[in-house]
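Here is a short briefing on the model shown below.

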Amino acid sequence: MATWETVIGLEIHAQLATKSKIFSGASTAFGTAPNTQACAVDLGFPGVLPVLNAEVVNMAIKFGVAIDAEITPNSVFARKNYFYPDLPKGYQISQFELPIVGRGQLGISLDEGVSKIIGITRAHLEEDAGKSLHDEFPEQTGVDLNRAGTPLLEIVSEPDMRSAKEAVVYARKIHALVQYLGICDGNMQEGSFRCDANVSVRLKGEEKLGTRAEIKNINSFRFLERAINFEIERQIDLIEDGSKVVQETRLYDADKDETRSMRSKEEANDYRYFPDPDLLPVAVTDDDINRIRASLPELPEQKRQRFIVDLQLSEYDAEVLTSSRETAIYFEKTLAQLPDQAKQIANWILGELSAALNKADINIEQSPISPDGLSNLIARISDNTISGKIAKQVFEAMWQGEGSADSIIEAKGLKQITDTGAIESLIDQVIADNPDQVDQFRAGKEKVLGFFVGQIMKQSKGKANPGQVNQLLREKLNKGRE
Amino acid sequence: MSKTIRQIQRGLARGEFSSIEITQDYLTAIKAHNPTINCYITITDELALQQAKTADERIAAGQAQALTGVPLAHKDIFCTDGVKTSCGSKMLDNFIAPYNATVIENIEASGAVMLGKTNMDEFAMGSSTENSYYGPAVNPWDHQRVPGGSSGGSAAAVAAGLAPAATGTDTGGSIRQPAALCGITGIKPTYGRVSRYGMIAFGSSLDQGGAFARTAEDCAQLIQTMAGFDPRDSTSIDHPVPNYSETLDGNIKGLRIGLPKEFFADGLDSNIAGVLEAAIDEYRKLGAEIVEVSLPNSKLSVPVYYVVALAECSSNLSRFDGVRFGYRCENPKDLEDLYKRSRGEGFGEEVKRRILLGTYALSAGYYDAYYLKAQQVRRLIKQDFERAFEDVDIIAAPTTPEIAFKLGEKTDDPVSMYLQDIYTLFLNLAGLPGMSIPAGFSQGMPVGLQLIANYFDEARLLNTAHQFQQASDWHLQSAEVK
């Protein structure tokens with residue numbers, strides 16, 4: 001059987017986090033009553049004119065600088081003409097021939113330290129359309145224009161990705177980047193961050209691209225992966241059955257986990273793009289770019305490098321901790337309390353905390369354990385108040401909201417036993433109770449040591465200091481050998 | 001009722017009549033003659049008397065502003081808060097804007113009284129006012145003839161003494177041509193001088209608001225209130241507005257007036273040529289220096305104009321879709337039916353023709369050959385003027401190739417109708433300011449002389465017109481209706 005190669009390019013729409021719309025003063029707040037946030041400009045009334053919100057230009061430049069792209073000195077808004085009830089003017093103001101952000105790139109890390117550069121063809125500014133509501137009114141369609149005129153940055157990648165997994169890594173990286181930059185809230189449920197995927201397949205070694213399908217309506221990373229994988233299989237099946245892939249737009253249906261045809265190339269609109277005569281070219285000077293570059297926060301890549309070099313974290317830990325702005329913030333807040341415990345903190349965040357977050361299906365910023373709380377817990381391990389094992393128990397209680405690490409340790413009497421006399425009497429008891437195992441050890445079976453440690457820890461309800469237990473146990477057992 | 005703004009201001013200031021009285025006089029004349037002239041679509045008598053009352057109070061309190069108490073008419077293309085704005089179309093027969101155009105706002109703020117909204121070719125598309133949904137306006141000099149267009153209602157109202165002055169818009173000659181055919185003075189300022197906000201768009205890169213009056217002096221006053229930067233119109237230009245009345249200061253000795261050789265050649269009616277020669281002689285007598293200039297690319301202005309203007313209109317008029325405002329067809333079957341019938345029934349023939357032509361010019365595969373090429377030639381036309389203005393201060397040209405034609409004479413021949421604008425539309429392509437002033441008569445009908453100035457040189461333009469009017473009495477001839 002032939003081996004297939006998948007080619008994927010993504011178009012990501014990031015909603016820019018401005019207070020007002022891209023061409024009007026109306027608010028962009030989400031979730032208000034239909035049509036309460038649409039002014040005459042958003043409604044496309046006769047005679048009214050668009051005026052560009054300067055903040056969207058700054059935000060687009062931030063993104064461009066962050067991906068090392070060329071910034072177009074005079075980018076041009078163009079009209080994309082088509083009729084639809086949620087498109088009030090009968091055209092969308094977008095950018096076509098001269099987008100504000102030109103060619104750039106973004107590095108992604110794949111498994112086992114393999115990394116890859118994904119080309120970014122362009123990023124352009126445009127206004128969002130409104131929303132058609134098909135279910136609310138029987139046999140009618142409602143139109144909510146609150147979203148009309150919301151600023152979007154459309155980020156178009158090169159067809160550089162070769163698997164659904166790569167596409168997801170890239171999309172997540174863009175998702176993290178726009179949040180780091182503070183230009184998009186990244187909320188996928190509310191549609192602030194949306195992906196369209198262009199997918200095609202070709203025989204390995206073939207240079208010509210296969211016919212692609214564009215998949216729309218993907219609103220989570222999980223669905224992105226599923227939609228692409230479904231589409232790859234569909235296309236391979238088609239070709240192997242002797243038919244052809246047709247160029248078309250397909251819709252992903254998450255409930256059925258399938259893509260289905262929305263419109264073919266023949267049905268596609270002729271958008272009749274032309275420069276919008278109501279808007280001047282967007283003039284951006286080198287000074288503007290330098291000023292914005294200087295104002296950029298530390299970006300994920302820089303942070304990652306710093307974590308590896310300055311904090312001596314592993315590549316993997318640094319990658320994961322910087323993969324989202326919120327995780328990095330959580331880590332750095334915890335680190336501020338315990339500056340020399342970077343590795344411990346990383347282990348806790350990537351281990352216990354992230355497992356608990358996953359299980360509860362919540363984000364790190366919603367974690368019931370705050371960075372201060374976690375640092376308190378880790379501090380108790382490092383000052384030997386509790387063992388790592390007990391710490392997990394304390395963590396669990398903290399997660400349940402039972403209080404701070406200190407108060408839980410106190411209330412539950414979990415403080416580690418470090419008194420040598422107390423530990424010795426536990427050891428003596430266990431040695432007396434298990435003569436057979438003592439003989440085995442003395443006959444040279446070192447492994448039995450673990451059995452004794454286990455028994456002692458059990459007797460102490462886990463509170464005995466494991467280091468001390470080990471040392472004293474060995475001394476006592478060896479004594480009998482002599 | 002052939003009063004000028006200046007005369008009304010003097011009468012109000014001296015207490016010869018009140019604003020209510022003069023307003024009532026105009027309203028009475030309008031009631032009597034509008035059924036014949038059909039220059040008003042909407043007569044705002046109640047509002048006018050209310051505004052006149054306020055004006056009288058201000059005058060009594062010594063708080064009169066520039067135009068306090070002066071009655072004016074507005075082309076029905078300017079949105080007026082609470083008063084129907086039809087744009088001459090069935091599509092907007094039911095449309096009442098919830099906002100004022102900036103021009104209306106400025107004029108209202110200067111204290112003027114609004115008599116009503118004037119008739120026009122539907123969406124400003126036409127040269128005769130015959131394309132109005134409300135029936136054609138007629139030429140006050142000869143009711144069998146057209147008043148010109150598209151601002152024919154405004155021109156006819158002023159010529160008939162049914163308003164002392166009126167606003168208009170000029171996309172390809174829509175102020176200058178009707179001013180010429182009706183024997184009054186009209187000015188189209190530099191593109192960007194007057195805000196387009198609230199002025200219903202036809203060709204956005206060409207449209208410019210301006211004024212009609214009996215004299216250049218009155219035009220200066222009206223333009224004074226209309227001009228200036230408007231943050232709501234990105235294409236309005238932040239350039240100081242001089243005091244236009246103060247610069248009507250005489251002496252044009254040594255003024256260099258250029259005559260484009262291409263415009264005084266074949267195609268110009270010989271009677272009109274004679275009238276214009278006499279007018280040019282008058283300028284010679286006033287001390288102006290007359291020289292020949294060349295605008296070699298001006299012959300291309302008709303095709304270029306009709307590509308650019310129609311492309312823009314095809315997109316500008318997309319918002320009239322029957323969804324949010326304006327005409328909606330009865331019982332639409334589905335969305336497509338709603339669009340097709342609302343637009344098919346709501347727009348007139350000429351508008352539909354232009355939308356189709358413009359859509360074609362922007363279509364995939366034709367864009368480069370039409371729109372892009374037209375924009376390139378447009379730059380050449382602009383350069384012709386830039387070169388000419390290195391040599392001269394003012395360019396003089398015919399306004400129209402012939403006198404007002406008979407109603408119905410050209411309605412079946414759109415191309416011959418389009419050629420009426422042969423001397424006016426190159427100005428809009430270049431964005432320059434221009435005027436038409438009464439220069440004499442041919443067959444008992446008025447003939448206009450077109451004057452063109454460099455960018456933002458309206459002061460010189462108005463003074464050049466004013467000096468002619470100081471030395472001649474063509475502008476005092478009246479077609480006043482009996």
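Across all chains of this predicted model, the count of disulfides is 0. Salt bridges over all chains number 58. The largest nonpolar core holds 153 residues.

**Cysteines**

- The cut-off for a disulfide is 2.5 Å between the sulfur atoms.
- A:Cys195 is buried, at 1% relative accessibility.

**Salt bridges**

- A:Glu158 pairs with A:Arg103 in a salt bridge, with 3.4 Å between the closest N and O atoms. This pair links distant parts of the chain, 55 residues apart. A:Glu158 sits in the loop between strand E9 (151-157) and helix H2 (164-180) of chain A. A:Arg103 sits in the loop between strand E4 (91-95) and strand E5 (104-109) of chain A.
- A:Arg103 is partly exposed, at a relative accessible area of 42%.
- A:Glu319 forms a salt bridge with A:Arg304, and their closest N and O atoms are 3.6 Å apart. The two residues are 15 residues apart and link helix H6 (residues 315-321) with helix H5 (residues 300-309) of chain A.
- Are A:Glu319 and A:Arg304 buried or exposed? Both are buried.
- In chain B, B:Asp230 forms a salt bridge with B:Arg232, with the closest N and O atoms 3.7 Å apart. B:Asp230 is buried at 5% relative accessibility, whereas B:Arg232 is partly exposed at 29%.
- A network of salt bridges links A:Arg79, A:Asp276, A:Asp278, B:Arg196 and B:Asp233.

**Nonpolar cores**

- In soluble globular proteins, nonpolar side chains tend to be buried together.
- Which residues touch the most other members of the largest core? They are B:Phe123, B:Tyr283, B:Phe385 and B:Leu449. Helix H9 (residues 301-316) of chain B gives the largest share of this core, 9 residues.
- A second, separate core has 66 residues, including A:Ile22, A:Leu177, A:Val178 and A:Phe223.
- Not counting residues up to four places away in sequence, B:Phe123 touches B:Cys87, B:Ser89, B:Met91, B:Leu92, B:Ile200, B:Phe202, B:Leu317, B:Phe320, B:Phe347 and B:Val351.

**A buried methionine**

- A:Met398 belongs to helix H10 (residues 388-399) of chain A. Its relative accessible area is 6%, so A:Met398 counts as buried.
- With neighbours within four places in sequence left aside, A:Met398 is in contact with A:Ile369, A:Gly373, A:Leu374, A:Leu377, A:Gly403, A:Ser404, A:Ala405 and A:Ile408.
- A:Asp128 is 270 residues from A:Met398 in sequence, and their C-alpha atoms are 43 Å apart in space.

**Surface patch**

- Which residues form a nonpolar patch on the surface? B:Tyr360, B:Tyr366 and B:Tyr370 do, with about 280 Å² of accessible area together.
- B:Tyr366 lies in the loop between helix H11 (349-362) and helix H12 (368-391) of chain B. B:Tyr366 is partly exposed, with a relative accessible area of 35%.

Key:
Residues numbered from 1 in each chain as written. Chains lettered and ligands numbered in written order. Predicted model: local features only at pLDDT ≥ 70, side-chain atom pairs only at ≥ 80, totals over all residues. Heavy atoms only, no water. Core = buried A, V, L, I, M, F, W, Y, C linked by side-chain atoms within 4.5 Å. Buried < 20%, exposed > 50% of the residue type's maximum accessible area, 1.4 Å probe, protein only. Helix = DSSP H or I, 4+ residues; strand = E, 2+ residues; numbered from the N terminus. Contact = heavy atoms within 4.5 Å. Patch = residues over 30% accessible without salt bridge, like charges linked within 9 Å, V, L, I, M, F, W, Y side chains within 5 Å. Areas by Shrake-Rupley, 256 points an atom, 1.4 Å probe, with all protein chains shown as cover. Salt bridge = Lys/Arg side-chain N within 4 Å of Asp/Glu carboxyl O.
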